[in-house]
Amino acid sequence: MSKASYRNADQYLKKRHRPESIVSTYGYAPALSEGALVPPIFLSSTFIFSSAEEGERSFQVAYHLKKFKKRREPSLIYTRLNNPNLEILEDRLTLFEKGTERAAVFSSGMAAITTAILSLTRSGESVLYSAPVYGGTDYLFVHILPRLGIRTVPFPAGTSGTEVSKLLQKEEAAGHRPRMVFLETPANPTCTLTDIEEVSRAVHAFAKKVRRPVDVAVDNTFLGPMWQSPAELGADLVVYSATKFLGGHSDVVAGAVLGRREMIEDVVKVYRTILGTVLGPFEGYLLLRSLDTLKMRMTAQSINAGHVVDWLERHPKVAQVNFPGLVPAQDPQRRIFERQCRGPGSMVSFYLKGGKREAFRFLNALRLAKLAVSLGGTKTLAEHPATMTHSDLDPKERVALGIDDRMIRLSVGAEHYKDIIQDLEQALRTP
Ligand SMILES: Cc1ncc(COP(=O)(O)O)c(C=O)c1O
């Protein structure tokens with residue numbers, strides 16, 4: 001069976017079945033690998049051309065050196081450009097990420113975010129972003145992009161489309177050139193939601209008015225493709241720390257960017273090739289393994305998180321719990337949740353009564369749950385955003401964003417929920 005006939009068979013299955021039913025075979029032609037059911041790991045850094053002519057053509061396609069009548073796929077050249085494990089992984093990611101055509105995978109979530117932003121923005125342009133964002137992304141926005149002449153403007157997570165539209169117009173009137181609006185929703189670690197559909201509509205209306213592209217990028221790390229589909233809601237790019245739910249086992253650092261074919265193939269991947277931010281084949285293989293269980297892991301973890309949140313809400317030492325959708329019915333956050341999320345996921349943050357002393361005492365007393373940063377894995381992890389993941393933020397701004405000393409961030413894993421609660425209970429009881 002040729003590669004093309006496998007592609008046809010894949011399309012047949014894709015039309016008829018759900019992503020979780022075909023993910024373990026999609027995008028891979030076993031006949032090209034001795035019939036191996038699971039793709040071998042292609043560690044080769046380079047790939048042999050069948051002729052010099054084919055080599056020339058491959059570079060023409062990969063480097064966009066020549067316009068072809070019919071769009072061609074670059075053949076395998078060199079692992080910084082493309083690699084079988086990464087191509088299979090990218091195809092499989094698009095199965096889950098509704099509304100996207102292509103994916104590019106990276107050596108980390110930060111590599112994905114940085115490459116995507118650098119590929120689309122130029123010096124003299126500006127990026128507006130919802131705040132808070134993950135500490136590393138915040139550092140990129142506050143300290144690195146401005147050094148390259150890219151202005152970055154924060155607005156509070158949850159800001160409406162109308163307000164974002166006003167901000168864009170204000171930027172334009174002041175002589176800046178907005179090029180991108182970056183949303184992290186739910187925000188790490190507050191779980192505040194921003195309305196992707198409303199903001200995308202406002203941004204694209206503005207783009208039409210100024211006759212320049214202005215794109216919306218959404219960091220979907222917290223909810224993953226299971227619970228939220230930003231591209232279906234109008235976002236142009238979806239970015240991930242694949243280290244988190246996509247990987248799911250806390251054993252791989254990776255990132256991904258998904259979107260329309262032209263944007264990924266002609267823009268983002270060109271920058272990935274030159275910046276060298278591509279994922280390694282072995283990490284690609286680990287992620288392929290992870291995707292087979294993505295739905296069951298995320299479903300189990302989300303159910304667990306629901307139980308944990310119910311329990312936390314009733315605990316006398318807990319002042320407040322942040323969890324997507326966990327607000328009174330009349331709260332605008334509830335409306336956003338119901339419109340754009342298929343589930344709440346498994347990321348929770350909560351405020352303990354007291355301060356840093358109480359927070360540290362709790363964290364130090366955990367036994368089953370581990371005191372570690374990162375999230376989305378099958379093991380429950382807890383951390384202190386103010387002194388760990390978000391310690392880089394300006395202290396005053398951090399507190400204003402709700403990230404104070406009392407806050408704990410919890411990534412609920414796949415253990416039995418009663419065991420997780422038992423552990424939290426004993427940690428909260430510790431004097
Ligand atoms: C929401 C979010 N985006 C991006 C990143 C960065 O990802 P990575 O650590 O894979 O570079 C993180 C990391 O914690 C994150 O939580």
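Biologist: Which residue of β6 stands opposite Asp-219?

Modeller: This is a predicted model, so what follows is computed from predicted coordinates. Strand β5, residues 215–219, and strand β6, residues 237–241, run parallel and are joined by three bridges. Within β6, the residue that stands opposite Asp-219 is Val-239.

Biologist: In what order do the strands of the seven-stranded open sheet lie?

Modeller: The pairing in this open sheet is mixed, and the twist from one strand to the next averages 20°. The edge strands, each of which pairs on one side only, are β1 (102–106) and β3 (151–156). Read across the sheet, the order is β1-β7-β6-β5-β4-β2-β3.

Biologist: Which strands stand at the edges of the five-stranded sheet, and why is one side of each left without a neighbour?

Modeller: The five strands form an open sheet with mixed pairing, in the order β8-β9-β12-β11-β10. Each edge strand has a single partner strand, so one side of each is left without a neighbour in the sheet; these strands are β8 (318–322) and β10 (370–371).

Biologist: What is the bridge partner of Gln-320 in β9?

Modeller: Strand β8 and strand β9, the latter covering residues 347–352, run antiparallel and are joined by four bridges. In β9, the bridge partner of Gln-320 is Tyr-351.

Biologist: How many residues surround the ligand, and which are the closest?

Modeller: By residue class, the shell around the ligand divides into four nonpolar, nine polar and two charged residues. The elements that give two or more residues to this shell are α5 (109–120) and α6 (135–144). In total 15 residues surround the ligand, and the closest are Ser-108, Gly-109, Tyr-134, Ser-241 and Thr-243.

Biologist: Where is the proline of the cis peptide bond between Ala-131 and Pro-132 placed?

Modeller: Most peptide bonds are trans. The bond that joins Ala-131 and Pro-132, however, is cis, with omega at about 5°. Pro-132 has its place in the loop between β2 (125–131) and α6.

Biologist: What is the value of omega for the peptide bond from Asn-188 to Pro-189?

Modeller: Pro-189 is found in the loop between β4 (177–184) and α8 (196–210). The peptide bond from Asn-188 to Pro-189 is cis, and its omega is near 10°.

Biologist: Is Cys-191 buried or exposed?

Modeller: Cys-191 is found in the loop between β4 and α8, and its phi is near 70°, a positive value in a residue other than glycine. A residue counts as buried when 20 or more other C-beta atoms lie within 10 Å of its own. Because Cys-191 has 27 other C-beta atoms within 10 Å, its class is buried.

Biologist: What is the phi of Ser-374, and how does its surrounding class it?

Modeller: Ser-374 lies in the loop between β10 and β11 (381–383), and its phi is positive, about 80°, although it is not a glycine. With 16 C-beta neighbours inside 10 Å, Ser-374 counts as partly exposed.

Biologist: What percentage of the 431 residues count as buried?

Modeller: The C-alpha atoms fill a box of roughly 75 × 55 × 35 Å along the principal axes. Of the 431 residues in the chain, the share that counts as buried is 48%.

Key. Residues are numbered from 1 along each chain as its sequence is written. This is a predicted model: local features need pLDDT of at least 70, side-chain atom pairs count only at pLDDT 80 or more; totals for chains, interfaces and linings use all residues. A residue is buried if 20 or more other C-beta atoms lie within 10 Å of its own, exposed if 12 or fewer, and partly exposed in between; C-beta atoms are placed from the backbone. A residue is near a molecule or strand if its C-beta atom, placed from the backbone, lies within 6 Å of it. Ala, Val, Leu, Ile, Met, Phe, Trp, Tyr, Cys and Pro count as nonpolar, Asp, Glu, Lys and Arg as charged, and the others, Gly among them, as polar. Two strands pair if DSSP finds at least two bridges between them. Axes are lines fitted to C-alpha atoms, for helices over the stretch in contact, and angles run from 0 to 180 degrees between N-to-C directions.
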